[in-house]
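Reader: Could you walk me through this one? I'm new to it.

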Amino acid sequence: MSILAEPSPVPVAAEPPDLAALAHEVRELVLRMGTTAHGTHVGGSLSAADVLTVLYHEVLRLRPERPDWDGRDWFVLSKGHASAALYAVLAQRGFIDRAELATYGAPGSRLAGHPLRRLPGVEFPTGSLGHGLSLASGVALGLRRTGRPGRAFALLGDGELQEGSVWEAAMNAGHHGLDNLVAVVDRNGLQISGSTEECVSLEPLGDRWRSFGWAVEEVDGHDLDALRAVFAGLPDASGRPTVVLARTVKGRGVPLFEGKKKSHSVRLTPRLLQRAMTGLNARRAR
Amino acid sequence: MTATMPETAPAPAGTPTGDAGPSWEERYAVPAREVYRRTLLELARADPRIVCVDSDMGGLETLFGEELPEQYVNVGIAEANLMGVSAGLAATGLLPYANTLSGFAAARACEQVKIDVAGNGLPVRIVATHAGLSAGHYGPTHHAVEDLAILRTLPNLTVVVPADAVETEYAVRATAGLPGPLFLRLGRAATPLVHQEPYEFTVGRARELRAGTDVTIVATGPHPVSMALEAARELAARGVSARVLNMHTIKPLDREAVLAAARETGGIVTVEDHLVVGGLGAAVCEVVTQEAPCRVHRIGVPDRFFDHVADERELLELAGVSSERIVAAAASLAAAR
């Protein structure tokens, strides 16, 4: 039954994007946003950079010139503190100008520390953890009910999974077989106080999601080809929602920050930016 | 996105007049939540955008789910998810009615209501039962005497408290097209019928149930409104002319009606099935202190938990919400005029 559907072809890029170059640029843009007055959540933005790059350049059906296009896929950044990485891919896709990224966190900017809905491409304001999967579930239900082809994606932090509401949403989506819903967990293993497993353990994480009725994909969250392959196979044909457990490294790409809990929120001085960029470029050249 | 109030909500088409079918009494001498359910079902038959989002309330799965399965979803006993899912549904163009108890909506799922529903100005209708002390003998875990204080602080949200089952039907119909979010506050058991015939209901416009010049009683919710009318009759017998306003919409508050009461009568008595802080009484004070200072006597539930076992009306009287208290307060204000 379709009451709101507006059939429209999926846009196809003329040639495959250079995902590695785009992901590198996302990291560079994140670091530059980290130099603004309040800094940014560097570690969790860098860990999510590859996932977001693949999603925004390969997977999500979007029309940047018409963010409310009825046939679109919906994306919810449930770990709203990775806003800098989201803004970077939104700029790459043309939802906003690259120049606007320099206003990150500044008075009057549209680029808040956590995304605002008035920014083109942002479906919901997020940042308080544990909300995004419920929102995406409602969207998935609504898309199904109105006969629209879109899918709903939510990117969650792994520490965020300690929020009980995530499991309310997971239980419900599994029960209702929302196969147009995809959760991606940025499994970087760190939260502010340290290892997730030392804080309140999440493992066995795959089993937990499976027991809630989800199809589980585990993937190296920094392997662009592997991410591409996983997302290409969605939605799962089994009538279940899918969770992609993306194994990542906090601060990935910048040796200075990699695997360090202190990378969670950083303000980069010019000197620190230079060191970070040197490390980022060296890592890429390798 | 900014939600705006409808200019007015005219008397809805289809409101029974008592001409045919069951009598007025038969139709409305039931709990308000039953009238809500049948009204929602009627609206949903005509509007496929309406989705009944259940959180294991009991009964909706058969009444609604069996007739309109495509427009029904049960998320189980999970109120935070209820609000998030409803917000997501609304974002895709649907009109979700999120069903839960008032305490669970306002306190337990407060953050989801704040950020996901009100924050986005989405047309989610939260319909909450067991409000105030209406859960009676269920005890304080099920009482919700802080809900208005919480929800009144959320921008975009329209908050409506029908005075009886009749007004519940009016309110459900009148808010069907509301572009923003709604909180509809209902009780549990059947309550006295304040309205015996059709009338004009407008969201955001207080209804004068009784004209008066000496003092004004502003009440919200079933028992408070009934008590206010009882008190006004007693006051009349004592020669005091009391105006009675049914303040069915807590947000946006009818400032004009409050200011007129402040200017034209000798003071205001507020009555609510809610804490004496933060609710109707506070809302009235906020208006008059700034624009037309007058004496306001607030009658509501005191700042304490009740673990006394009793029914709704008894609990209210125990809490100090009674027609006798209203009479005393109003007479005092009128005398000091």
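Author: What follows covers the contact between the chains and then the nonpolar cores. This is a predicted model, in which local features need pLDDT of at least 70 and side-chain atom pairs count only at pLDDT 80 or more, while totals for chains, interfaces and linings use all residues. Residues are numbered from 1 along each chain as its sequence is written, chains are lettered from A in the order in which they are written, and side-chain values use heavy atoms, leaving out hydrogens and water.

Reader: How many residues does the contact take from chain A and from chain B?

Author: Chain A gives 26 residues and chain B gives 28 residues, where contact means heavy atoms within 4.5 Å.

Reader: And what area is buried between them?

Author: About 2100 Å² is buried between chain A and chain B, with carbon and sulfur atoms giving 59% of it; buried area is the accessible area (1.4 Å probe) that two parts lose on being put together, summed over both. On the chain A side, His131(A), Arg145(A) and Glu168(A) supply 28% of the area that chain A buries against chain B, more than any other three residues.

Reader: Switching topic, which residues have the most contacts inside the largest nonpolar core?

Author: They are Leu133(A), Leu161(A), Leu181(A), Trp209(A), Trp214(A) and Met83(B), in a core of 78 residues. Such a core is a set of buried (under 20% relative accessible area, 1.4 Å probe, protein chains only) Ala, Val, Leu, Ile, Met, Phe, Trp, Tyr and Cys residues joined through side-chain atoms within 4.5 Å.

Reader: What does Leu181(A) touch?

Author: Not counting residues up to four places away in sequence, Leu181(A) touches residues including Leu133(A), Ala173(A) and Trp214(A).

Note on methods:
Buried < 20%, exposed > 50% of the residue type's maximum accessible area, 1.4 Å probe, protein only.
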